[in-house]
Amino acid sequence: MSIQVQNIHKAFGDFIALDNLTLDFPSGELVALLGPSGCGKTTLLRVIAGLEQADSGRVLLDGDDASDTHVRERQVGFVFQHYALFRHMTVFDNVAFGLRMKPRSIRPSEAEIKRKVHELLQLVQLDWLADRFPAQLSGGQRQRIALARALAVEPRVLLLDEPFGALDAKVRKELRRWLRRLHDELHITSIFVTHDQEEALEVADRVVLMNHGRVEQIGSPAEVYQQPATPFVYGFLGAANRFEGHSSAGGIAIGNATLTAEQNGQHGEVIAFVRPHELDIVRHEFGHGIPARISRVLTLGALTRVELEGRDDVAGQHFDVELPASHPLAGSLIAGEPVRLQPRSVRVFANPETAGAA
Amino acid sequence: MAAITANLYAQHDRAALLESRQATREARWVKYTILGVALTFFAIFLLLPLAVVFAEALAKGWHTYLDALVEPDALSAVKLTLLAAVISVPLNLVFGVAAAWAITRFDFRGKQLLITLIDLPFSVSPVVAGLIYVLVFSSHGWIGPWLLEHDIKVIFAVPGIVLATVFVTVPFVARELIPLLQAQGREEEEAAVVLGARGWQVFWHVTLPNVRWALLYGVILSNARAMGEFGAVSVVSGHIRGETNTLPLHVEILYNEYQFAAAFAVASLLALLALVTLAVKSWIEWRAAQAHD
C-alpha cells in the first residue's frame, strides 16, 4: 500500500519538527528515513502511524485521507526502538495480543490464533521461545518478537522506529540483513527510521535524507551516496573533508593555497568536499595543494588512515586521508611532517552561508 | 513501589558485593558495632513492646483472654473496624488508581495542587482531620442543622467514622502507583493501541498488570491504617460502647477502666493484624522482585 504525506507541519512549542513536508512512499518498497537526531524523522513516522497529530497537512494511506482515522483503525504495524514488549506476557501472548483485542465479531478462534502465532514465530525463527517472558530474551530476539507482534494483525504498512538502535554492532548487522530478506519475502510497504547512514544504505530500496524537518534528498542508496544534492547530504553520508574557499576561472582558492586548478562551474564562495580516499598526500612543504601537517598515522588491516592538521591559511582544521596499506607512502609517513594535500576528485557547492541562497 | 522493593532486593546483592571487595570492606568491629546499635534499638523499641502486648494479654490465662474478645462490646468494635476498612479500602483503590492515572497520563491545570492534596493526610495531624468533620457535620456545624432536619447522623455515628478513615488512608494507593506509572512511560500502551486495543483493553491488559504488585501493596498498607487509626476516628466517634467504638478506641476505654488483661487482649488482635500485614507485604515485595528479574 502506498503512503503519501502532504504539507505536513508539526511544531513542539518553538521547535519546528516537520516543516511543510511532502513525500511519496510507493507501494512495496523499503524506505529509510535518515538524518541526525532532532531532524524530525521519528516525528514523521509517528504522524504516519497516527501516534502524533500533525498541526496541518494530510496523510494518505492507499490514496485515502487517513488524517482523522484513529491509530487503531489505520492498520499499521509499529516497531519501537526499545521493543515495548508487554513484560508480563509470554512471547506467545505478546504476538497473539493484536488478534485477541479484535472485536468479537471478527476475532479468530483460539485455535486459529495459535496456528497464526506459531506461523509468525517461525517466520522470525523464534518458535522455540514461545513460553518465555521478554526479560529472558536477548535484545535481538526481543526486536524480532516485536516485529512478529506487529505483523500479526496483517498491517498494510510497517513502520520501524530505529529498530536496531538499542542493539550492539554485531547483532545489528545480522538483523539488518535479516530484515532485508524478510521484506523481500513479504513485500509490505515499510518505512524505517535510522541515524546510521551505513544501515540506511545497506538495507533500503530508497533513502530519504532529512534535516531540520525538511527533506534534503530522496534517491536510491547509490544515488544519494554518489550524487549528493546538498552539502548536508555529502557531509552526512560517509566521511568527508570540508574546505571553504573561493571559486573562479582559476579553480578553487583557499586563502593563498589552491585546492584544485580545475574549473567547476561555480563562481564565488563555495564549500568543497573531498572523500578521504580521494585526497593525495604530496611530500612538499611548498607548491600546489593545501598545506597540512601529519599528526597521526594508523594502519588497520588493508587501510592506512592519516590524520592531518592544517597549516597557514587552514590552520586549526582537521583532515583525514585514507591510503591502501600497500601504498609506497604508507610506511614512511612520520607524525609532524609538513605535506600538501591534492584532491583527485572534488564536489563543490555554493556556500549557503555567504552566498545567501542554497 | 514495586520498583523500590525490587531495589531493596538488588541492594542486598550489592551489599554482599561491597563486602566481598577488600577496598570497600569495613573493619569487623565497625560492622558489628553498627549492627549492634541497629538491632538493640529494634529490640527495645519494636520487639519488646510487641512481646509485652502478648504477654500481658495472656497474663491471666487463656480464659480471660478469650472472654475479652467475645464480649459483645468487643465484637461490635471488631465489626465496626471491619466495616470502616471494607468501605474505605475500595474507595481508596478507585480514587488512588484514578488520581495516579490522571497525574501521570494527563496534562491539566492544578496537577501540582492535586499531588499536594494527596499528601495532606500524611502531613496534617489526624486529630485535626477529625475536627474538620466535626466542624462541618456536627449539629452546630455548617450543614449540621440540615442533616438534623433530615434525620441523618454523621458525627458520633458510623458515617463519621468511615469518613475519617477514608481521609487518613487517601494517600496510600496513589502514592504507590504514581512513581511506578511515571517510570514505566507510555510505550507499551502505545504499542497496544497500534495493535488495535481500545482504552479499557489497554488499561486492563497492559497498564494494570504492570502495576498490580504496587497496587496490592498500597491496598495492604491502606487496610492496616484503616483498621489501626485512632486520632481522627476518636474525635468523630463519641465513644458510644457497642455502637461507635472501633478496636483502637475499645482498647483505650478498657485501659482507662483498669481492665489491663482485656485491653491487651484486644490490642493483641491489632498486633496480629500488623504481623499479618507485614507478612503479606514481604510476600508482595518478594513477588514484585521476581516479576522484575
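Are A:Phe86 and A:Phe97 buried or exposed? A few notes on that and on other spots in this predicted model.

1. **How to read it.** The model is predicted, so to speak of local features takes a pLDDT of at least 70 and side-chain atom pairs count only at pLDDT 80 or more, while totals for chains, interfaces and linings use all residues. Residues are numbered from 1 along each chain as its sequence is written, chains are lettered from A and ligands numbered from 1 in the order in which they are written, and side-chain values use heavy atoms, with hydrogens and water left out.

2. **The Phe pair.** Both A:Phe86 and A:Phe97 are buried (under 20% relative accessible area; exposed is over 50%, partly exposed in between, with a 1.4 Å probe and protein chains only). Their rings make a tilted pair, 4.5 Å centre to centre with 50 degrees between the planes. Rings of Phe, Tyr and Trp (its six-membered ring) pair if their centres lie within 6.5 Å; planes under 30 degrees apart are stacked, over 60 edge-to-face, and the rest tilted. A:Phe86 sits in the loop between strand S6 (76-79) and helix H2 (91-100) of chain A and A:Phe97 in helix H2 of chain A, so the pair ties together parts 11 residues apart in sequence. Helices (H or I, at least four residues) and strands (E, at least two) are DSSP runs numbered from the N terminus.

3. A:Arg149 lies over the face of A:Phe86, 4.6 Å from the ring centre. The rule asks for NZ of Lys or CZ of Arg within 6 Å of the ring centre and within 35 degrees of the ring normal. A:Arg275 lies likewise over the face of A:Tyr225, at 4.7 Å.

4. **Other rings.** Over all chains there are 15 aromatic pairs. A:Tyr234, A:Phe273 and A:Phe349 form one aromatic cluster.

5. **The sheet in chain A.** Four strands form an open antiparallel sheet in the order S2-S1-S4-S5 (strands pair if DSSP finds at least two bridges between them). Strand S2 (15-25) and strand S5 (64-65) of chain A are the edges, each pairing on one side only. S1 (residues 3-12) and S4 (residues 56-61) of chain A share 5 bridges, and A:Val5 stands opposite A:Val59 in S4(A).

6. Most residues other than glycine have a negative phi. A:Gln125, however, has a positive phi near 60 degrees; its place is the loop between helix H3 (110-123) and helix H4 (139-151) of chain A. B:Phe156 also has a positive phi, about 60 degrees, and is partly exposed at 42% relative accessibility.
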